[in-house]
Structures are given as C-alpha cells and as structure tokens.
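Me: I would like to go through this structure term by term, asking what each label rests on. Please set each value against its definition before concluding.

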Amino acid sequence: MKTRAITAFFFTIVMLGSIFLGAYTFTFFYLILSLAALFEFFGMIKTAGIRPHRNIALVAAALIFLMTAGYHLLQFETKFMLLIVPLIFSVFISELYKKEKIPFSNISYTFVGFIYVTAPFCFFYSLGFIQETATYNFHLPLAFLLMLWASDTGAYLFGMKFGKTRLFERHSPKKSWEGFFGGVFTSVLVAYLISLCFTEISPFIFGGMAVLIVCFGTLGDLVESMLKRSLNVKDSGNILPGHGGFLDRFDGLLIAAPVVYAYLYLILN
C-alpha cells in the first residue's frame, strides 16, 4: 500500500505538471504516454500468440498524435493526415512476407491498438483546445482528470463501506453498484467545485461531464478487465510499482475521453 501511494503521488505530480507547464510540455508528455500505453497493449496481445505489427503501429501512432497536435498548435491542414495512409497499407504488405498462421488476427489487433489506445489519447489531448479561442487552455484536461480520479476514489470508498450488489461480477468481482453511485456523487461534487474556479463553463455542463466520465470511465475499467481476463494476465505492465502498467491507470480515460470530447464539442461549439 505504501509503494502504491508513493507511486500515485509522484505520477500525479508529473501529470499535473505536464498540464500546467504549457502546450508543448502537454504535447510531449501525452505523446510519450500514449506510445507507452500502445506498447503495453501490444505486449499483452503477444501473450496470446498474436503478432501485431508493433513497430509500424508505433510510428503511425506517433504521426497520428503529432498531426493532431499540429492541427491544434500550428493550424496544419487535415490533409496532412494522408501521410499515414502508406503506413497503414504497409501493415498488409508486411504481413504478406510473414509465415504466420493467423495473418488477419495480426492485422486486426494492430488496428485495434489505434482505436483502443491512440485515438482516445488524441481526444483527451484535444480537450485542451476545444474552447472558442482554440488556443491551449488547461482547464478541461485538468477537470477531466480530477473528475476521473474523484470517480475512482469515490467508487473505492463507497464500495468498501457499502458495496453489496455486484456491478459486473463476471469481469470485475470487486465493483459494486453502491461504489458506482458513490463515484457519481464524488465526481459531481468535484465538478461543482471546479465550476467555482473555472467560471467560463456552466456548472451544469461540468456536471454532465462528470456523469459521462463516471459511466464511461467505469465501462473502460470493465473493458480492460475483460481484455486482461481473456489474455490471462494480471496487469498490463509493471512500470508503475503497486499500480501495474499505464493501461491499468488510464483504462477509464480510453472510453470516456472520446465521449466527453464529443459532448463538449457539441455544447461549446
């Protein structure tokens, strides 16, 4: 427990620092984090005997993220995304020269990595540029993380104290409906406190954001648990002592970030 707490403290400081220190630090940190998470994903998949095209995928994922950053920071035109097309086709060409028994499984899981890991990090990154000024603003990325952490903390505390009704025992035996609603309560409470500081956005919009984060963050946790159970692995990695890997820490973000971005984009624009 002590190791877990120390790791959480220092990693939280690094994450918050990356948000507060400006657009380029924010870009660099989440580029590296998204690539590390994708690397972990492919590492887990390999335990099932599947061989995704990891190196091609990491290069393509870096380009996808950097193109997203270029669009926001430097106003690159979206046509530059076409640079990724040759890399995508190279996956199929590379598989032709391999002697694998399940070639389309290798190809499929390569693209699943983009959808499951890379795209959500791009959506989270884009929260920093979604407001009308289109310049970097740390308010929404910070709010997202604070609400996500509040949801996890509330779910854990309420679940420990009152948890009796299992939420989805098949994939996560410890999660309960009582913990889920506790997560909703703490996340909405944090959303209200955030709205007192960041007054450019309505408390009701922040409240809706909190509910979405709890619902889809919980779904993300369940999906990652399902993935790990299907591969018979305990943690996605071991880089964070006491916590496992990056995917274990950001499983809620992977499903929640695209949904929250769509919600805020439709409301704020």
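Me: At what angle do helix 6 and helix 9 pack, and how far apart are their axes?

Reply: This is a predicted model, in which local features need pLDDT of at least 70 and side-chain atom pairs count only at pLDDT 80 or more, while totals for chains, interfaces and linings use all residues. Residues are numbered from 1 along each chain as its sequence is written, and side-chain values use heavy atoms, with hydrogens and water left out. Helix 6 and helix 9 (residues 246-268) pack at an angle of about 135 degrees, with their axes 12 Å apart. Axes here are lines fitted to C-alpha atoms, for helices over the stretch in contact, and angles run from 0 to 180 degrees between N-to-C directions; helices are DSSP runs of H or I of at least four residues, numbered from the N terminus.

Me: Why are helix 6 and helix 9 called oblique to each other?

Reply: Angles under 35 degrees count as roughly parallel, over 145 as roughly antiparallel, 65 to 115 as roughly perpendicular and the rest as oblique. The angle is about 135 degrees, and helix 6 and helix 9 are therefore oblique to each other. Their crossing is right-handed, a term used if the near helix is turned clockwise from the far one by less than a right angle, anticlockwise being left-handed.

Me: What makes up the contact of helix 6 with helix 9, and how do its residues divide by class?

Reply: With contact meaning heavy atoms within 4.5 Å, Leu-140, Phe-144 and Leu-148 of helix 6 meet Gly-252, Leu-253, Ala-256, Ala-257, Val-260, Leu-264 and Leu-268 of helix 9. The residues divide into 9 nonpolar, 1 polar and no charged, where Ala, Val, Leu, Ile, Met, Phe, Trp, Tyr, Cys and Pro count as nonpolar, Asp, Glu, Lys and Arg as charged, and the others, Gly among them, as polar.

Me: What makes helix 6 oblique to helix 8?

Reply: The axes of helix 6 (residues 139-162) and helix 8 (residues 203-231) come within 9 Å and cross at roughly 50 degrees. That angle makes helix 6 oblique to helix 8, and the crossing is right-handed. On the helix 6 side, the residues in contact include Ala-143, Met-147 and Ser-151, and on the helix 8 side they include Phe-206, Met-209 and Ile-213. By class, this contact has 10 nonpolar, 1 polar and no charged residues.

Me: Why is helix 2 described as roughly perpendicular to helix 9?

Reply: The axes of helix 2 (residues 23-46) and helix 9 come within 10 Å and cross at roughly 110 degrees, and that angle makes helix 2 roughly perpendicular to helix 9. Leu-33, Ala-36, Ala-37, Glu-40, Phe-41 and Met-44 in helix 2 meet Phe-246, Leu-247 and Phe-250 in helix 9. The contact holds 8 nonpolar, no polar and 1 charged residues.

Me: Why is the pair of Phe-65 and Tyr-125 called tilted?

Reply: Rings of Phe, Tyr and Trp (its six-membered ring) pair if their centres lie within 6.5 Å, and planes under 30 degrees apart count as stacked, over 60 as edge-to-face and the rest as tilted. By this rule the count comes to 22 aromatic pairs. The rings of Phe-65 and Tyr-125 have centres 5.1 Å apart and planes at 55 degrees, so the pair is tilted. Phe-65 lies in helix 3 (residues 54-73) and Tyr-125 in helix 5 (residues 103-126), 60 residues apart.

Me: What makes the pair of Phe-138 and Phe-198 edge-to-face?

Reply: The planes of Phe-138 and Phe-198 stand at 80 degrees, with 6.1 Å centre to centre, and the pair is edge-to-face. Phe-138 is in the loop between helix 5 and helix 6, whereas Phe-198 is in the loop between helix 7 (177-197) and helix 8.

Me: How do you know whether Phe-138 and Phe-198 are buried, partly exposed or exposed?

Reply: Buried means under 20% relative accessible area, exposed over 50%, and partly exposed in between (1.4 Å probe, protein chains only). At 26%, Phe-138 counts as partly exposed, whereas Phe-198, at 12%, counts as buried.

Me: Why do Phe-204 and Gly-220 receive their labels?

Reply: Phe-204 has a relative accessible area of 74% and is therefore exposed, while Gly-220, at 0%, counts as buried. Gly-220 lies in helix 8 and touches Asp-251, Gly-252 and Ile-255, not counting residues up to four places away in sequence.

Conventions. Helices (H or I, at least four residues) and strands (E, at least two) are DSSP runs, numbered from the N terminus.
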